[in-house]
There are 2 protein chains.
Amino acid sequence: MIKFQQIGTIHSPFKETAGMPIQPAGAEGVCGTIEILPEFSEGLKDLEGFSHLILIYHFHQVRERKLSVTPFMDTKKRGVFATRAPMRPNPIGLSIVKLLTVKGNKLDIENVDMLDNTPLLDIKPYVPEFDHQQEVRTGWLEKFRNKVHNHISDDRFKHPE
Amino acid sequence: MIKFQQIGTIHSPFKETAGMPIQPAGAEGVCGTIEILPEFSEGLKDLEGFSHLILIYHFHQVRERKLSVTPFMDTKKRGVFATRAPMRPNPIGLSIVKLLTVKGNKLDIENVDMLDNTPLLDIKPYVPEFDHQQEVRTGWLEKFRNKVHNHISDDRFKHPE
């Protein structure tokens, strides 16, 4: 077991999983805030120079783990590591958002596709030289790629109450 | 505390931190393998259609946590969240690698910048519609960006023996 600690909280307009955008690409213009715990705010220095952040967070509403899932954009079961579905062996989420402003331990962000009160684990600056790939193939997703921008989730990943 | 489990192991030519490439961009052509624990191999289905994978892993050699670090490419202290340095409050690593082949529970990968025996936490498919950002600013890194491809690490993030 590897243990991590919450470094802050992501606030968003999404109070439940149904109806959410499935990725930041479908959440264009959706604003949110990050509140970093005061003991970590020293680590935010120099962040305001970056336009985009990679957020790593905990899919805290996910209770089930699956190795095969039917992704939102598909009707077939796929191996979970070939999808971005939240019900993964480790429910770790990754989204790239726009950074608008940094004020003390609060960050205003845009293109937010997380649930409200999502526990944040890490922030990394997005750097095209590290993170942008070319000549990319995307397997089963290939025929769905142009649909990403207007796709929203249904409740298939809702955890059992 | 949020607990995650190791889903596999990343094997690479790098046995120690000094001399490593600092990012996959500096590790072009460096090959490695991922061995997924057999109980998770069902989740690899459909992965072979993707050319690039996002790997999320544990910086298992990091013992210290810092909020301000002097990154490899710089001489000034920076807030750790404005860097990709491993000594973060949660030592979570993220690299995008090329996927060459999938054979059973083994993946051959390229552009490997992790230490040998790195514990893997998650694999996500790289999807340009989700992960590629445009009009990007990169703060303090701006003037170092063209140096990324030939930069290797020194031992400043080596953990105390």
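Which residue stands opposite A:Val102 in S8(A)? That residue is A:Leu107. Some notes on the rest follow.

1. **What you are looking at.** This is a predicted model, in which local features need pLDDT of at least 70 and side-chain atom pairs count only at pLDDT 80 or more, while totals for chains, interfaces and linings use all residues. Residues are numbered from 1 along each chain as its sequence is written, and chains are lettered from A and ligands numbered from 1 in the order in which they are written.

2. **Confidence.** Chain A has an average pLDDT of 89, with 90% of its residues at 70 or higher; pLDDT is the predictor's confidence in each residue, from 0 to 100. For the model, ipTM is 0.90 and pTM is 0.91.

3. **Chain A overall.** You'll find one helix and nine strands here, and the order from the N terminus is β-β-β-β-β-β-β-β-β-α. (Both are DSSP runs numbered from the N terminus: helices are H or I with at least four residues, strands are E with at least two.) The radius of gyration of chain A is 16 Å, close to the 15 Å that the globule rule gives for 161 residues, so chain A is as compact as a globular protein of that length. That radius is taken over C-alpha atoms, and the rule is 2.2 Å times the number of residues to the power 0.38. Along the principal axes, the C-alpha atoms of chain A fill a box of roughly 45 × 40 × 30 Å.

4. **The barrel in chain A.** Six strands close up in the order S2-S3-S8-S7-S4-S9, with antiparallel pairing; two strands pair if DSSP finds at least two bridges between them. Neighbouring strands of this sheet are turned by 45° against each other on average, direction ignored. (Axes are lines fitted to C-alpha atoms, for helices over the stretch in contact, and angles run from 0 to 180 degrees between N-to-C directions.) The opening pair sits where S7 (residues 92-103) and S8 (residues 106-110) of chain A run antiparallel over five bridges.

5. **The barrel in chain B.** Chain B also has a closed six-stranded barrel, S2-S3-S8-S7-S4-S9, paired antiparallel. Its twist averages 45° from one strand to the next. Within chain B, S3 (residues 31-36) and S8 (residues 106-110) are antiparallel partners over five bridges. B:Thr33 has B:Asp108 in S8(B) as its bridge partner.

6. **How the copies are related.**

7. **Across the axis.** S1(A) pairs with S1 of chain B (residues 2-4), antiparallel over three bridges. There, A:Lys3 stands opposite B:Lys3.

8. **The contact.** Each chain puts in residues: 61 from chain A and 61 from chain B, with contact meaning that C-beta atoms, placed from the backbone, lie within 7 Å. On the chain A side, S9(A) gives the most, with six residues. That side divides into 32 nonpolar, 15 polar and 14 charged residues. (Ala, Val, Leu, Ile, Met, Phe, Trp, Tyr, Cys and Pro count as nonpolar, Asp, Glu, Lys and Arg as charged, and the others, Gly among them, as polar.)

Technical notes
Two residues are in contact if their C-beta atoms, placed from the backbone, lie within 7 Å.
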